Amino acid sequence: MVSKTCWPAICKSRMMVLLMAVVALWATAAIAGVNEDLWQAAERGDLPEVKSLIAKGAEVNAKDNKGGTALMVASLNGHIEIVQALLGKGAEVNAKSNKGGTALMVASLNGHIEIVQALLSKGAEVNAKNNDGKTALMAASHEGHQQIVQALLSKGAEVNAKDNNGQTALMFASDKGHQEVKELLIKAGAK
């Protein structure tokens, strides 16, 4: 019978490599959990928890399985203080989800003017398009959010941009009967 022996130096180095791999996997799993907790705290508007999780190492730009970030979740749900906290910690204002959506698009769609203004002040790309070719201006026009339409236009939103189906912001506003938004768009040069 052949006995396998391990030289002490080799066994020790193998054990160290194994131990380092286990620690790295554990740390990765722990950070993933912290990041998931961050998205959940951002969604429910829990500012103290968001700050605590960031202090514990949560990555402000980490993405979920749909490519969403904590900034997108907070923008979607109208949590301005969390948006400001995330931006203050370096959240990428122009990050895109798997479908190409941005924080500005979801804030515009949901009528969160303060968040739209905060994102624009941090350099949000006003003419970014999602995978369907839709812009924040189209989203705001579709929902009739007049103040947001005005804010986006004042930052250079392309009034005649077309989505992948050839639809414009004016078409969305007209289809939904948003007369005041329609007038704003026409005044800005919509055709």
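**Pocket, core and confidence**

Modeller: The largest pocket holds about 590 Å³ of space, a volume being the space filled by probe spheres set on grid points joined across faces, edges and corners. This is a predicted model, where local features need pLDDT of at least 70, side-chain atom pairs count only at pLDDT 80 or more, and totals for chains, interfaces and linings use all residues. Residues are numbered from 1 along each chain as its sequence is written, and side-chain values use heavy atoms, with hydrogens and water left out.

Biologist: What makes a space a pocket, and which residues lie nearest the centre of the largest one?

Modeller: On a 1 Å grid over the protein atoms alone, a pocket is an open set of points with protein on both sides within 12 Å along at least five of seven lines, and lining residues have an atom within 4 Å of a point. Here 25 residues line the largest pocket, with S97, K99, G101, T102 and V106 nearest its centre. Elements giving two or more residues to this lining are α3 (70–77), α5 (103–109) and α7 (136–143).

Biologist: Which residues of helix α4 are called buried?

Modeller: Buried means under 20% relative accessible area (1.4 Å probe, protein chains only). In α4 (residues 80–88), I80, I82, V83, A85, L86 and L87 are buried, so each of them falls under that limit.

Biologist: How confident is the predictor in the chain, on average?

Modeller: The pLDDT, the predictor's confidence in each residue from 0 to 100, averages 89 over the chain, and 83% of the residues score at least 70. Over residues 21–31, however, the pLDDT is below 50. Beyond near neighbours in sequence, that stretch has 2 contacts in the model (heavy atoms within 4.5 Å).

How values were computed
Buried < 20%, exposed > 50% of the residue type's maximum accessible area, 1.4 Å probe, protein only. Helix = DSSP H or I, 4+ residues; strand = E, 2+ residues; numbered from the N terminus. 1 Å grid on protein atoms, 1.4 Å probe; cavity = no way out; pocket = protein on both sides within 12 Å on 5 of 7 lines; lining within 4 Å.
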